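Trainee: Can we go through this one together? I'd like to start with how the pieces pack.

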Amino acid sequence: MTDMADHHHHDDRPTDCEEALAEIYTFLDGELTEAKRTAIASHLEGCNPCVEVFDFEAELRMVISTKATEPVPESLRLRISKTLLSFGGDEATDDDDDRAAF
């Protein structure tokens, strides 16, 4: 994340900038609980530095998803799979191919 909002804090809000930015990817992925999503959304409504970070990340995701339309080369898929396995991840499946192609 950027340093822009790292030290910005709202005493009147239950979620501070550090917490909001730490959850920004999970928020964008829609993987937060309803309570956490509501707290982050509320924070973003009142915090300009954090909403700028959010807007940048959301737009970056949109650009990547619309521009990266070519299939992932098999050699790259295998290298990523081996790297994930070295960290204890699961081996790539056919479903992973669909996600990797966006």
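**Helices and salt bridges**

Trainee: Which hand does the crossing of α3 and α4 have?
Mentor: Left-handed, as the near helix is turned anticlockwise from the far one by less than a right angle (clockwise would be right-handed). Keep in mind that this is a predicted model, where local features need pLDDT of at least 70, side-chain atom pairs count only at pLDDT 80 or more, and totals for chains, interfaces and linings use all residues. Residues are numbered from 1 along each chain as its sequence is written, and side-chain values use heavy atoms, with hydrogens and water left out.

Trainee: At what angle do the axes of α3 and α4 cross?
Mentor: At roughly 110°, with the axes of α3 (residues 34-46) and α4 coming within 6 Å; axes are lines fitted to C-alpha atoms over the stretch in contact, with angles from 0 to 180 degrees between N-to-C directions. The two helices therefore count as roughly perpendicular (65 to 115 degrees; under 35 is roughly parallel, over 145 roughly antiparallel, the rest oblique).

Trainee: New topic: how many salt bridges?
Mentor: Four, each being a side-chain nitrogen of Lys or Arg within 4 Å of a carboxyl oxygen of Asp or Glu. One of them joins R61 and D29, at 2.4 Å from N to O.

Trainee: Where do R61 and D29 lie?
Mentor: R61 is in α4 and D29 in the loop between α2 (24-28) and α3, so the pair ties together parts 32 residues apart in sequence. R61 is partly exposed at 32% relative accessibility, and D29 is partly exposed at 40% (buried is under 20%, exposed over 50%, partly exposed in between, with a 1.4 Å probe and protein chains only).

Trainee: What does E34 form a salt bridge with?
Mentor: With R37, the closest N and O atoms being 2.8 Å apart. Both sit in α3, three residues apart, about one turn of the helix. E34 is exposed at 52%, while R37 is partly exposed at 36%.

Trainee: And which residue does E74 pair with?
Mentor: R77, again with closest N and O atoms 2.8 Å apart. E74 and R77 lie in α5 (residues 74-86), three residues apart, and E74 is partly exposed at 46%.

Trainee: Last one: what percentage of the chain's residues count as buried?
Mentor: 21% of the 102 residues.

How values were computed. Helix = DSSP H or I, 4+ residues; strand = E, 2+ residues; numbered from the N terminus.
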